Each structure stands twice: as structure tokens, then as C-alpha cells.
Amino acid sequence: MAEALRLTETPAWRALQGHYEKIKDVHLRQLFADDPKRGERLTAEGAGLYLDYSKNRITDETIRLLIQLAAERGVAQRRDAMFAGEKINSTEKRAVLHVALRAPQGTQIKVDGVDVVPEVHAVLQKMAAFSDRVLTGQWNGHTGKRIKNVINVGIGGSYLGPEMAYAALRTFSDPAMNFRFVANIDGAAFVEATADLDPAETLFILSSKTFTTLETMTNAATARKWIVSALKSDAAVAKHFVAVSTNAAEVAKFGIDTANMFGFWDWVGGRYSMDSAIGLSTMIAIGPKNFEKMLAGFRAMDEHFRIAPPERNLPMLMGLLSIWYNNFFGAQTVGIMPYANRLRRFPAYLQQLQMESNGKHVDLEGRPVTYQTGPIIWGEPGTDGQHSFYQLIHQGTKLIPCDLIGFCQPLSEFAGHHDLLMSNVFAQAEALAFGKAAAELKEEGSPDFQIPFRVCEGNRPTNVILAESLTPKALGTLVALYEHSVFTQGAVWNIDSFDQWGVELGKILARRIIPELESRTETELNHDSSTNALIRRYRNSRGRKVLENS
């Protein structure tokens, strides 16, 4: 499906470059003045989400050319190949089938001739049965106490998805239960997660496909010692640990009954796995029925992405707009601003989704790219960010496109609070688009000396995304929206969005350095001079501390 022409040589790209030169200085004030119905026209709906993209620096011609670019780059064909189970992760020769994780029973998706959908539903049923046992008190700890605390131990996609989902959907969880998440190898993270918990009431979910991930297994070993030390028996491990893994031998060696091992597949990347067995903690928190509603949200957006025409296809439009700013305006970041405190971990989740997927420097043929790929993703919940970094977005020298995400129904009984919250969504989008001109300030009576400092140029682009309420279904829909937007961008850039070789290099070097840090005697170091000096300084400092405490 890869085209012979490089991206920047395609007719649509060249047409977009010429179009950009014509409209790059056109202000959103002018675009709205010329088209009174623009705010109603440049919108799209799908799977329960409403997208207002009218406050982007675009015209109808921009959208036409971006859609032409997607067609020339074979985005639809690559999408269809993904849904069909073809091995579009070419560097690892794997299928890319996070969409199979939420496929309804009866759907057929084959990998190497095997329908994977029945396997997916078998794992979901096993997860549901286990979740029900924990929630109803049929699964108790080693001493017979009921499980009240669940700690997910993972890293990357095995952590960010479950943590984000729990924060987002905590309204739907049992307030009598505690859910914690440990990822960082810093021992303080484990201490903080367990400090106020009773080991006899605590269940650990160890999430590692290989059951060898350094950070996860280091924290798992500490958790094992914590349980065994408190409950005075190695047998306690079997009642206080379950595993999300594919390595049955290592799981059994740890002391976990492999009947309590929940599997997943190599065609699921970690950052796309929150609706697989990696989401076991989410299912226990919100219950199997709500987890199924979340899957239904994913499924609805999958279907929308698969069948909606490009001009009404939310993920495709958002992905193409990201390319417009990234590759033509030179914007290097995208701000994700959810106006819902429960979505406070959503920007961090999307950081991994986007930056690990599309942070690539070569195309599918292994050729260096000559254009920017994945943008930097960052953000915080509104309205917190308005009193922090919004100043730079409004009056700084950098162009920062933003997604503002809001919900029409409140999550609390304080409806007045929600009206204030949502007024800020609409006000910020308006202010970023239209700003405040010097003439307006003068007419309002602002002192002349203040006017240069108070001018807000506007012309800052935003997408406004609205959902009815932050429910499990809405969360699934939102996550799938961004998954497919990332896919669209990667397909246009002709890169592999589903490998992560850069992540592996640091892991390899860390394993080499660990014994050098642990050594109590001077050993030969063969790194660069900076790394050698840092290791020696650390060893000397740690050695002094050991002597002080001896």
C-alpha cells in the first residue's frame, strides 16, 4: 500500500503547501465574518461525540486537500487492512488488532487463519467471573478477610490505561474499595501506595506480558515480600496475587496459580491494551457490566471510523488537522485540555498513545523522513490550566493547537459548578480564536500604555469535543477517537505506528548499568566519560550513606 512517491512529492502535499501560503495569515475573525454559518457547518458527529472544528485556520479547500492527501496515502486501505488482521506492524511482522478487543461476539477477525474473537471473549468472561468473585466476597485473602484494596503493578500501557480509566470512572466504583497503581521503580511509589493498607485485604494485579519487565517485576518482588512478611506464609501469594501475562512458567514460579493468569496477545500493543486483560483492575473497579459499556463505546467509534466518509469522520478529521498544523504551520505540540477533573490523567495517557506511536524518524521502507512526525502531547484539566500555562497559549510566540473536551451533564450534584466549568470551555475557545484587538481595547477605555500588553492576537486554533456525560461508554469512545486519529497521522506519514524500538534501547543499557551500581567494589567502567563519572559519583555517595548507617 505504500506509495512510490515520498509524502512531500505527492500532488496533494504540493497543493497543500501552495494553499498554506495563501491562507496562513488569514485570521479566524475574517473566516467567521465571511461565513456566518461556519460554526454550524464545520462540525461532525459520531458515536455520541460532537466535534466543532470551525475554530481551525482552515477553509473548505483545506479540508478537501487534506482528504485528498489521505486518499493518496492510502489511509482507508491501511485502515481496512488493520481491521482485517493483516500484519501492518511491518517491523515486528504482527497484526494490529486492538479493535478485536471490543469486537462483538460473532464477528470474525483472523490472524494467520485463526479467528481471534472467540479467544478475546473467553478472556473477557474469565475476567468477569473473577471480578464478580472479588466484588461479592467469594475471593478472600489468605486469612479469610475480604479484599478491599486492589493494586495494579505495571509500567507504560500496563499502568497508564488502568490508572486513567479508574480516575475517569471512579463515580462508578464501590467507595468501600481502594484502587492504587504502582509503576515507578522508585521505592517511594510502592511505600506510598501501601502505607495505609492492610496486607490481608490487598490484592495485587501484576501486569507484564513477558513477566520479566524490569520495573514491574522489581515492584512485584517487593510486593511479594510485603505480603509474605505480614501474613507469615509463602502460600499467601496465591490468594493475594493474580497475573496479566503470557509467561505461565514465570507466573507459576512467582507463586501464582496459572488458573489466575489472564492472557493477551502479541497483536495488542501496550498503549492500546486498556480494554484487554490489562483492564482487569478497571473491571473490578466499575464491574463487568460497566466494562462492557466501555467496550461498546470503543466499538461505536471503531465502526464510525470504519464506515463514515472522510468529511464526517471524526478521527480522520482530527488526524488530518494535526498534520495541517504539525507539517505546514510548524506547530510542535498539541494541548489536550479536558474540562473534567476526573480526566486529569487523560493527557498523560495520550502522551504515550501519540508519542510512542508516531515518534518515528524513518518510513516503512526504512528511509529517513524529511518532515515532522508525531507532535508533543501535553495538557492539564481545565480550569486549572487557565491559571497556569494558558497565558503562553494566548499571548506567547508559539502556535499551540488545543483540544478542549467537555461534557454536557455534570458529574456531581453541583450543577452551578458545571455551568461555570462549561462556560470556560466555550469562552476559552472563543478567546483563543478571536482574541482582543488594540482598537477594541481603546474603545473600552484601556489606558494607552497598557494596550500593547493587553492585546491578544487570537487566531489560535482549537477543536471542541463534547459528550453527554463522562460514562464508561463515553470514555471508550474518546479513547478510540484518539487511537484512530493517531492511526490516520501515521498512515499519512507512512511510518509504523505500532513498534517502539527507541524504548528498548534504554532498557538494554539500564540492565548493563545495574550491576555496576550495585557493586561494593570498584569495577572497570566502559561507558563514555560522562556516564562513568556519574556512576562513580553515585557509588561514592551511596557508599558513604551505607557507612553512616552501619
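Strand β1 is joined by 4 bridges to strand β2 (residues 49–52), and the two run antiparallel; strands are DSSP runs of E with at least two residues and helices runs of H or I with at least four, numbered from the N terminus, and two strands count as paired if DSSP finds at least two bridges between them. The model is predicted, with local features requiring pLDDT of at least 70 and side-chain atom pairs pLDDT 80 or more, whereas totals for chains, interfaces and linings use all residues. Residues are numbered from 1 along each chain as its sequence is written, and side-chain values use heavy atoms, with hydrogens and water left out.

Within this pairing, Glu45 stands opposite Tyr50 in β2. The open sheet comprises 6 strands in the order β1-β2-β13-β12-β10-β11, with mixed pairing. Because β1 (43–46) and β11 (376–378) stand at the edges, each with a single partner strand, one side of each is left without a neighbour in the sheet.

Helix α20 (residues 472–493) lies across β2, β10, β12 and β13 (462–467), running at about 165° to β12; axes are lines fitted to C-alpha atoms, for helices over the stretch in contact, with angles from 0 to 180 degrees between N-to-C directions, and contact means heavy atoms within 4.5 Å.

Helix α7 (residues 157–169) has 13 residues and reaches 18 Å from its first C-alpha to its last, close to the 18 Å expected at 1.5 Å a residue, the expected span being 1.5 Å times one less than the number of residues. Of the 13 residues of α7, 13 are buried, that is, under 20% relative accessible area with a 1.4 Å probe and protein chains only.

Conventions: Buried means under 20% relative accessible area, exposed over 50%, partly exposed in between (1.4 Å probe, protein chains only).
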